[in-house]
Amino acid sequence: MALRCWRWWPRPAWLRSRPPPAGSPLSFRQPFSTQELTPQICVVGSGPAGFYTAQHLLKHHPRAHVDIYEKQLVPFGLVRFGVAPDHPEVKNVINTFTQTARSDRCAFRGNVVVGRDVLVPELREAYHAVVLSYGAEDHQALGIPGEELPGVLSARAFVGWYNGLPENQELAPDLSCDTAVILGQGNVALDVARILLMPPEHLEKTDITEAALGVLRQSQVKTVWIVGRRGPLQVAFTIKELREMIQLPGTRPVLDPADFLGIQDRIKEAARPRRRLTELLLRTATEKPGAEGAACQALASRSWGLRFFRSPLQVLPSPDGQRAAGIRLAVTRLEGAGEATRAVTTGDTEDLPCGLVLSSIGYKSRPIDPSVPFDPTLGIIPNTEGRVVDMPGLYCSGWVKRGPTGVIATTMNDSFLTSQMLLQDLRAGLLASAPRPGYVAIEALLSSRGVRPVSFSDWEKLDAEEVSRGQGAGKPREKLVDPQAMLRLLGPCA
Ligand code: FAD
Ligand code: NAP
């Protein structure tokens, strides 16, 4: 990626006399004068967006100081609380984030809920610029009758539960049923299906919480249906994750060849990733496995399947009305072409019995503070390339900037762009030019409000404790999940 390779060369003499036009890449590349003040910048959220924004700012401004505020006691957002425990390699980005946090021009301020403990206008007073990178912490509601019944969970809460997110530790998912239905066909849906069906011993050496592992060991779930309102050509998951499902030990895929009629012709036009993904689906649906595969499948005690052209209509209650016993699905057909293909109901319905419904139709950002504009339809902060509209000095990056889709690499690129816009504005003199107090002012506010911020060295103590607790069981860590116990471990603020 061009931006990542770029080095800090002085501008050539012929360019130095002419200011580059605002918005041109050169206005970002131009070095800052040594006479300038130290920009105090704060970032809200310590997920990939927050850390990549901070990394880029520190790299491209020789004096900028960045404070990263985080509501959890611990850093790294969805890298810690979202990424599946059996994908440890994805979490290696934490090493880069740690380097950033250890910079003497960066500070982590955990256990501070922006919008509650400190308000965005207070941050804007204290800093030259504020970047909102607080992700998407809610889930998209299904909006159908029965959604509130016990036995219906959001995938977001289920993921938080097995990954040790404090607010989800009381979830107690009831896995005593035979069949679970997951609504939505994205990568989160496949993560959840994999965790539900994976032999628990395969999770024993991961950072899944011991409590979640205990519940999964007792699970009676044998069948998982992953339901999509559109067809095989529109699934939102990717090929690596599909392959993991197909190869999941002790399980058998169940795909209906009828769903794939005529698809061979239609994929010719598709982009390569979509074509390869659909070809794998097609092969899995229509070809007999080889001898080894057939033997494995014959022994499989669990199965998973993709149900296409089905849109959720109602969660069906058990006879006593006390919990979910199934889901009524509207049969759909597709209208439109390409990106605009959408599902429309045909009038037919189908009831699918199940004891657990996991809704995996997307995450959703919340407004943070009444002073910050928020688009409730798109679920984002309205912005132009990361500049919050009509709010000079306020920026956004990551999922709250562009919506709850995209992998860590997408979030990185988007955060670098936001940082680039901020640096351009700084250079163009669009941000306050007088010194700002930064954390000094906020620390006094937090202290007066009884908030005990957690520093990065505090986190390193918690990290060491988690690693040590995991050692006996051969796990990379046993996550601490009780914020009060974590604060007791840390003791009073240094
Ligand atoms: P987040 O990671 O959510 O970070 C936002 C941070 O802001 C959080 O730490 C949150 O606590 C904090 N925050 C929220 N509100 C406040 C507040 N009021 N005050 C202070 N702090 C606040 N991508 C991959 O590349 N590979 C994967 O394997 C992968 N797995 C995923 C699994 C799941 C279940 C999900 C949901 C996503 C996954 N992704 C994966 C996508 C990846 O996690 C996202 O692209 C990325 O995390 C988005 O970064 P973000 O910083 O915008 O949001
Ligand atoms: P997603 O990829 O947007 O998938 C959401 C799914 O929900 C889609 O199948 C969508 O169908 C469906 N859906 C949305 N609204 C619906 C409704 N009202 N009724 C029925 N179905 C509905 O979201 P996600 O799975 O939450 O993942 C979020 C992001 O994180 C993605 O970019 C994903 O790739 C990333 N992620 C990556 C990994 C990984 O790399 N391993 C793991 C997890 C997550 P339509 O297409 O019809 O709208």
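Guide: Start with the rule. Two strands count as paired if DSSP finds at least two bridges between them. Keep in mind that this is a predicted model.

Now apply the rule. Strand E12 covers residues 324-335, and strand E13 covers residues 342-353. Nine bridges join E12 to E13. The two strands run antiparallel. Take one bridge and follow it across. Ala 330 has its partner in E13, and that partner is Thr 349. Next, look at the turn. E12 and E13 form a hairpin with six residues between the strands. Gly 336 belongs to this hairpin and takes a positive phi near 90°.

Strand E7 (residues 179-183) pairs with strand E14 (residues 356-359). Here the sense is parallel, and there are four bridges. Leu 183 stands opposite Ser 359 in E14.

Six strands form an open sheet, in the order E6-E14-E7-E8-E10-E9. The pairing in this sheet is parallel. From one strand to the next, the twist averages 20°.

The protein surrounds ligand 1 with 33 residues. The closest are Ala 49, Glu 70, Val 114, Trp 399 and Gly 406. Lys 71 has a backbone N or O atom 3.1 Å from a nitrogen atom of ligand 1. Trp 399 places a polar backbone atom 2.9 Å from an oxygen atom of the ligand. For Val 407, a backbone N or O atom lies 3.4 Å from an oxygen atom of ligand 1. Alone, ligand 1 exposes 1000 Å², and the protein buries 91% of that. By class, the shell has 18 nonpolar, 11 polar and four charged residues.

Ligand 2 comes next. Around ligand 2 there are 19 residues. Gln 185, Arg 229, Arg 230, Glu 241 and Gly 406 come nearest. A backbone N or O atom of Gln 185 lies 3.0 Å from an oxygen atom of ligand 2. Arg 229 uses its side chain: an N or O atom there is 2.8 Å from an oxygen atom of ligand 2. Taken alone, ligand 2 exposes 910 Å², of which the protein buries 76%. Helix H9 gives the most to this shell, with three residues. The shell divides into seven nonpolar, eight polar and four charged residues.

Finish with the rings. The count comes to 15 aromatic pairs. One joins Phe 76 and Phe 456, whose ring centres are 6.5 Å apart. Their planes stand at 75°, so the pair is edge-to-face. Phe 76 lies in the loop between strand E2 (65-69) and helix H5 (78-81), and Phe 456 lies in helix H18 (residues 456-471), so the pair ties together parts that are 380 residues apart in sequence.

Conventions. Residues numbered from 1 in each chain as written. Chains lettered and ligands numbered in written order. Predicted model: local features only at pLDDT ≥ 70, side-chain atom pairs only at ≥ 80, totals over all residues. Heavy atoms only, no water. Axes fitted to C-alpha atoms, helices over the stretch in contact; angles between N-to-C directions. Near = heavy atom within 4 Å. Polar contact = N/O pair within 3.5 Å; in protein donor to acceptor, adjacent residues only side chain to side chain. Areas by Shrake-Rupley, 256 points an atom, 1.4 Å probe, with all protein chains shown as cover. Nonpolar A, V, L, I, M, F, W, Y, C, P; charged D, E, K, R; others polar. Phe/Tyr/Trp six-rings, centres within 6.5 Å; stacked < 30°, edge-to-face > 60°.
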